[in-house]
Amino acid sequence: MTTKWARWIGVFLLASASAAQADVAYRIDLRAPEHHTANVTATFPAGQQTLDVVMPAWRTGRYQIMNLANGVSRFTATDASGQPLTWRKTDKSTWRITNPGGGEVRIGYEVYGNELGRRSRHIDDSHAYLDASAILMYTEANRAEPVTVALDTPAAWRSFSGMDRDAQGRFVAPNWDILVDSPIETGINQSSRFAADGRDYDVVFWGKGNADEQQIVADLKKLVPQSQSIWHGYPFRRYLFIYHLTDGEGGATEHLNSTVIQFPRYSFRPHDKYLRVLGTSAHEFIHTWNVKDYRSAPMVPYDYTKENYSELLWLEEGSTDYFTDHLLLRAGLMKPDEYFDALATLVDNHRHRPGRLVQSVAEGSFEEWIKQGGDRGQNATVDIYAQGSIASWALDIALLQQTAGKVSYRDVHEALRERFGGRRAGFTDADVLQILKELTGRSWEDWWARHIRSAGETDFDALLAPVGLRLASEPPKGDPATRAWAGWSGADEDGAFRLSLVEEGGPAWKAGLVPDDILVALDGHRVTADRFAAALAEKRPGDDLTVSFFRRDQLMQKTLKLGATPAGKLKVLPVNRPTAAQKALFKRWLLIDYPKS
Ligand SMILES: [Zn+2]
């Protein structure tokens, strides 16, 4: 008995020791953060005579090659006794270490982190935001091994992550893929904690501004259980919201059981701005299921060394956008009128994006890695967020209509979670089409070919009428005869007007004006930015307008024939006499009552 126990204990100790040895151990020294640098050391277990250590080329959530190895300097490699090992770089992101003894390998390097808006690595005297893909190297050989991350920080700093901690306070993760999707926020911050629907939530704020932190926490508490109107169950026990109140950067990124959300520090009021904060929070939270728990096949597992092309990014980003306002509505954080305004804006932006006639949403998904912004993006591509939201909306209404309200697009996502949750495998177009067929008993191939694989106009009346809504346009302000339209937009720059977008086929486009032209005079009179709209308002549709502008510092002139303002402000409104069927379908669509007139 004793001998047996001793043997058991021996086995146990041996197992613990080897498990501990098998860990990849990282240490990040942030004790001199003011120059945006961290010193990283990492220990990789024995077993490799040649070890390729890699810094990812991109981070999850931003489908763009970011070349994150560019922040690394002072790289060293040694064996366990501290003897230097030889190494050389074999590509932009890979350090190949020769390790003849095959023992444990230790590396060290410095990382420069000053990329707040890229949400990859930002280190300064008040905090560090660390996405592991931008700061911790990994090896394919050890990718499945458990990892630990120890931090050395200034004394006043407090650290948060979606990862758990061990007895020594280190963050721990079962493998690299969990670590890389669990960013760390450490610094001078304030935090709150709440529980909802049996799950724990931490909320941490870095920076100060006009945010009402208590209000945000109270509203998140209303928001998070609404996820269960789409999915059954949560892929996490604890979730972390990280808010950055910045000096201008904005954006957000989803992770496994956490998110980072950035807004300029004074953009939390008034209500319409605050609604954007809540909307972004809801969008990122929805990703916990749609993208983090299940996602399309080309991204399972993520390949951090190169582009992961998927034709289904529209479903991952656009459907997330589509569900966002629905959760806000159900939580009582958004009013139906506000939702209708958001739909009207979506339709209006779509109609002013000539790229909708050029690129399908599947193609836009594939091209996301090399997408262009600005004028070219507007005229030749779709935005997978907006167009993906429209495609999701169209699919939702088609499902509701064809099944008399029995099946909604929510059911498609619950089926995706059931079959592909936990990232066991990724899903393809064929899988989504199979789910649609099983839910409705018919093929959706034709629908898919028309709405997902083709570019073209969307019939919004057909999306609104079944749920008792209609599209209306407010008459444009002022005398209709004076609504002259040039088809450009831009912004004030040093008392002139720099064009940013020129709508394809519009009057400015036809006259040959392009983005970055700096307009200085209309009809020979100097036009400062504040007088720009007033000068245009003097004109009538059909009038000629002579525009003087700088292009590459050369003064030029062109004459354009003004058009008429295409339409007034779009509105989505309830129909005049909704039928019982329309009201019922509305409720199945949004899970709220049809608005009372
Ligand atoms: Zn997103």
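Is Asp 152 buried or exposed? Asp 152 is buried, with a relative accessible area of 17%, where buried means under 20% relative accessible area, exposed means over 50%, and partly exposed lies in between (1.4 Å probe, protein chains only). The structure is a predicted model, in which local features need pLDDT of at least 70 and side-chain atom pairs count only at pLDDT 80 or more, while totals for chains, interfaces and linings use all residues. Residues are numbered from 1 along each chain as its sequence is written, and side-chain values use heavy atoms, with hydrogens and water left out.

**The zinc site**

- The zinc ion is coordinated at 2.0 to 2.1 Å by His 283 (NE2), His 287 (NE2) and Glu 317 (OE); donors are N, O and S atoms within 2.8 Å of the metal (3.2 Å for Na, K and Ca), and sites may look incomplete, as water is not among the atoms.
- Along the chain, the donors of the zinc ion follow the spacing H-x3-H-x29-E.
- His 287, in the loop between helix H4 (271-286) and helix H5 (313-330), and Glu 317, in helix H5, link distant parts of the chain, 30 residues apart; helices (H or I, at least four residues) and strands (E, at least two) are DSSP runs, numbered from the N terminus.
- Both His 287 and Glu 317 are buried.

**Salt bridges across the chain**

- The count comes to 29 salt bridges, a salt bridge being a side-chain nitrogen of Lys or Arg within 4 Å of a carboxyl oxygen of Asp or Glu.
- Arg 27 forms a salt bridge with Asp 152, and the closest N and O atoms are 2.8 Å apart.
- This pair links strand E1 (residues 24-29), which holds Arg 27, with strand E11 (residues 147-152), which holds Asp 152, and the two residues are 125 residues apart.
- Arg 27 is partly exposed, at a relative accessible area of 39%, whereas Asp 152 is buried.
- Arg 453 forms a salt bridge with Glu 311, with 2.9 Å between the closest N and O atoms.
- Arg 453 lies in the loop between helix H12 (445-451) and helix H13 (460-464) and Glu 311 in the loop between H4 and H5, so the pair ties together parts 142 residues apart in sequence.
- Arg 453 counts as partly exposed at 40% relative accessibility, and Glu 311 counts as partly exposed at 31%.

**A buried pair and a network**

- Arg 551 and Asp 517 meet through their side chains in a salt bridge (2.8 Å, N to O).
- Arg 551 is buried at 17% relative accessible area, and Asp 517 is buried at 1%.
- Glu 115, Arg 118 and Arg 121 are linked in a network of salt bridges.
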